[in-house]
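Student: I have a new structure to look at. Could you walk me through it?
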Amino acid sequence: MSFWEYLGSRHQQLLADAYQHASAVFQCMVVATVIGVVVGVVTYRSEWAGSLATTTTATLLTIPSLAMIGLLIPIVGLGVPPTVIALTLYGLLPIVRNSIVGLRGVDPSLVDAATGIGMSRLARLLRVELPLAWPPILTGIRVSTQMLMGIAAIAAYASGPGLGNEIFRGIASLGSKNALNQVLAGTLGIIVLALLFDAAYVLIGRLTIPRGIRA
């Protein structure tokens, strides 16, 4: 069976796996973004706290994905829970780091001007600092998403959702007539999803970042 014939015969299952893969990555990215930005906001004013946040999230990223999921299985079981926890933890570093860098890069004179017109600390953060720090934060989100697309495939090891199941089935049946087709279909599906997500982020950037800041 050729690759195109395989896609034709398995397109419904592949689409379902692709949807589950994209949904898992998207939901984990939302959680990681909220946590990462909050950590950045809390720590960016202190050199020590910022370094601790960056080092901690960097340490999490050094844990092999199979090991991370394997350690989570006895605690939360198989399926979605270990997938969500692992992906969220892996997605933190670029967002935390870029949030801290972006917030520290805001021109102090703009913050002083906002203070001078009577803005509260929260108002300055929401209306001045975070909007100006948004471009590097969005870059961190893009980097995290690309990483998680590949890492999410490992979730099949714990019966997690996504295109990793297709890849693992192919690896488990190496030598069979469709083994290569399975691995190739899962791999190409992840690449396509990564490109679609990145295109969406580019569009979001164009809609949310003023032209002057982009320049």
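Tutor: One term to begin with: a polar contact is a pair of N or O atoms within 3.5 Å; within protein, one must be able to donate a hydrogen and the other to accept it, and residues adjacent in sequence count only if both atoms are side-chain atoms. By that rule, a polar atom of the His-21 side chain lies 3.0 Å from the backbone oxygen of Met-149. The model is predicted, so local features need pLDDT of at least 70 and side-chain atom pairs count only at pLDDT 80 or more, while totals for chains, interfaces and linings use all residues. Residues are numbered from 1 along each chain as its sequence is written, and side-chain values use heavy atoms, with hydrogens and water left out.

Student: How many helices and strands does the protein chain have?
Tutor: It has ten helices and zero strands. Helices (H or I, at least four residues) and strands (E, at least two) are DSSP runs, numbered from the N terminus. The C-alpha atoms fill a box of roughly 70 × 40 × 20 Å, taken along the principal axes.

Student: What share of the residues count as buried?
Tutor: Of the 215 residues in the protein chain, 42% do. Buried means under 20% relative accessible area, exposed over 50%, and partly exposed in between, with a 1.4 Å probe and protein chains only.

Student: Back to His-21. Where is it, and is it buried or exposed?
Tutor: His-21 sits in helix α1, residues 3-43. His-21 is buried because its relative accessible area is 1%. Leaving out residues up to four places away in sequence, His-21 touches Met-149, Ala-152, Ala-153, Gly-162, Leu-163, Gly-164, Ile-190 and Leu-193. Contact here means heavy atoms within 4.5 Å.

Student: What about contacts over the whole chain, how many join residues at least 24 apart?
Tutor: Among contacts between residues at least 6 apart in sequence, 75% join residues at least 24 apart.

Student: Next, α7. What is its end-to-end distance?
Tutor: Helix α7 covers residues 121-151, and its end C-alpha atoms are only 38 Å apart, short of the 45 Å that a straight helix of its 31 residues would reach at 1.5 Å a residue. The expected span is 1.5 Å times one less than the number of residues.

Student: Where does α7 bend?
Tutor: At Trp-134, by about 50 degrees, and Pro-135 follows within four residues. The bend at a residue is the angle between axes fitted to the seven residues ending there and the seven starting there.

Student: And what does α5 reach from its first C-alpha to its last?
Tutor: α5 has 13 residues and reaches 18 Å, close to the 18 Å expected.

Student: Why is α5 described as largely enclosed?
Tutor: Because ten of its 13 residues are buried. Among them are Leu-92, Ile-95, Asn-98 and Leu-103. The buried residues of α5 pack against α1, α2 (47-62), α4 and α7.

Student: How do α4 and α5 cross?
Tutor: Their axes come within 5 Å and cross at roughly 35 degrees. Axes are lines fitted to C-alpha atoms, for helices over the stretch in contact, and angles run from 0 to 180 degrees between N-to-C directions. Thr-88, Leu-89 and Tyr-90 in α4 meet Leu-92, Leu-93 and Pro-94 in α5. By class, that contact has five nonpolar, one polar and no charged residues. Ala, Val, Leu, Ile, Met, Phe, Trp, Tyr, Cys and Pro count as nonpolar, Asp, Glu, Lys and Arg as charged, and the others, Gly among them, as polar.

Student: Which residues does Asn-165 touch?
Tutor: Asn-165, in helix α8, touches Ala-156 and Gly-160, not counting residues up to four places away in sequence. A polar atom of the Asn-165 side chain lies 3.1 Å from the backbone oxygen of Gly-162.
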